[in-house]
Amino acid sequence: MKVIHSVHPDDFKIYQTELIRERFLLENLVQPNRINCVYTHYDRVIAGVAHPVTQPLTLNTYDNLKAEYFLERREIGIINVAGDGEVTADGIVYKLNKLDCLYIGKGVKQVTFSAANVAEPPVFYLLSTPAHKNYPTSLMTINDAEKVNAGGDDTANKRTINKYIHKAGIASCQLVMGLTILHTGSVWNTMPPHVHDRRMEAYFYFDIPAGQKVFHLMGEETQSRHILIDNYNAVISPPWSMHSGAGTSNYSFIWGMGGENLDYTDMDAIKIENIR
Ligand SMILES: O=C(O)C(=O)C[C@H](O)C(=O)CO
Ligand SMILES: [Zn+2]
């Protein structure tokens, strides 16, 4: 499993394009009949994708965890961003259609992923954090996710934020997870931006139309940098970094966090006029 180490904000100031991409961008996660995971030293979050097509896939442990099974001391959030699929947790089958979310708690030994239809296979985005106790496995469909409508047409940031795993939603030890859908004609996510030193964050961009890209914005407020994002890329946002983005079209993204608290609204806002 690839390992991503933490970066100090002072060191980040001299980073050029290639080094920014190497240290923060997760590419090539979606491969047929494979689970690809990346271990980060940001709150020990593991991000990855399971893409079962013609065969079921099992979430095995990795040597990095020194654990008998993946969820021995971890919890995981799973969101499907493509065709219909199934996730089985210790023999119980959960159907996940596009944009449905499954939380699986610490102590579940066997997790498998499968496609409902080979012609339109699922893409399961995975985000896992260390966990100290078991919370029940819980499925939440996109319809049941708590919704916040934010932004406006006049500022090209009209979007719907869907919350699944958070203080008032699915219970977890430290994982917070949901997804944001940009409305047609809107391109800016998370603008005005924020930081939350108490939690790292990872974004997974999807439904970026062919030929379009997202400029993901990161860095301290007076040291902004960007990374060009393709469909199904994930990007790590360190606790000191703002995270925002503008697309050449509308798109969607999954956000997920690990750290001190489960309060989605715990953010330190940045004024647009202060960004440099
Ligand atoms: O569009 C938004 O605004 C977001 O989706 C914000 C993220 O959810 C976030 O950064 C949560 O901390
Ligand atoms: Zn955030």
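Modeller: One definition is needed at the outset: donors are N, O and S atoms within 2.8 Å of the metal (3.2 Å for Na, K and Ca), and water is not among the atoms, so sites may look incomplete. This is a predicted model, in which local features need pLDDT of at least 70, side-chain atom pairs count only at pLDDT 80 or more, and totals for chains, interfaces and linings use all residues. Residues are numbered from 1 along each chain as its sequence is written, chains are lettered from A and ligands numbered from 1 in the order in which they are written, and side-chain values use heavy atoms, with hydrogens and water left out.

Biologist: Which residues are the protein donors of the zinc ion (ligand 2)?

Modeller: They are His-194 (NE2), His-196 (NE2), Glu-201 (OE) and His-243 (NE2), at 2.1 to 2.3 Å from the ion. Their spacing in sequence is H-x1-H-x4-E-x41-H.

Biologist: What makes the arrangement around the zinc ion (ligand 2) octahedral?

Modeller: Six donors count as octahedral if opposite donors are over 155 degrees apart and all others between 65 and 115. The 6 donor atoms here subtend angles of 74 to 179 degrees, and the arrangement is therefore octahedral. Ideal angles for six octahedral donors are 90 or 180 degrees.

Biologist: Why is Tyr-203 called buried?

Modeller: Buried means under 20% relative accessible area, exposed over 50%, and partly exposed in between (1.4 Å probe, protein chains only). Tyr-203 has a relative accessible area of 2%, so this residue is buried. Tyr-205, at 0%, counts as buried too, and both His-194 and Glu-201 are buried.

Biologist: How many aromatic pairs does a search of the whole structure find?

Modeller: The search finds 12. Rings of Phe, Tyr and Trp (its six-membered ring) pair if their centres lie within 6.5 Å; planes under 30 degrees apart count as stacked, over 60 as edge-to-face and the rest as tilted. Phe-12 and Trp-240 form a tilted pair, with 5.2 Å centre to centre and 55 degrees between the planes. This pair links distant parts of the chain, 228 residues apart. Both Phe-12 and Trp-240 are buried.

Biologist: What makes the pair of Tyr-203 and Tyr-205 edge-to-face?

Modeller: Their ring centres are 5.8 Å apart and their planes lie at 70 degrees, so the pair is edge-to-face.

Biologist: Which residues do ring pairs link into a cluster?

Modeller: The cluster consists of Phe-12, Tyr-15, Phe-24 and Trp-240.

Key:
Four donors count as tetrahedral if all angles lie between 85 and 135 degrees; four count as square planar and six as octahedral if opposite donors are over 155 degrees apart and all others between 65 and 115; anything else is irregular. Helices (H or I, at least four residues) and strands (E, at least two) are DSSP runs, numbered from the N terminus.
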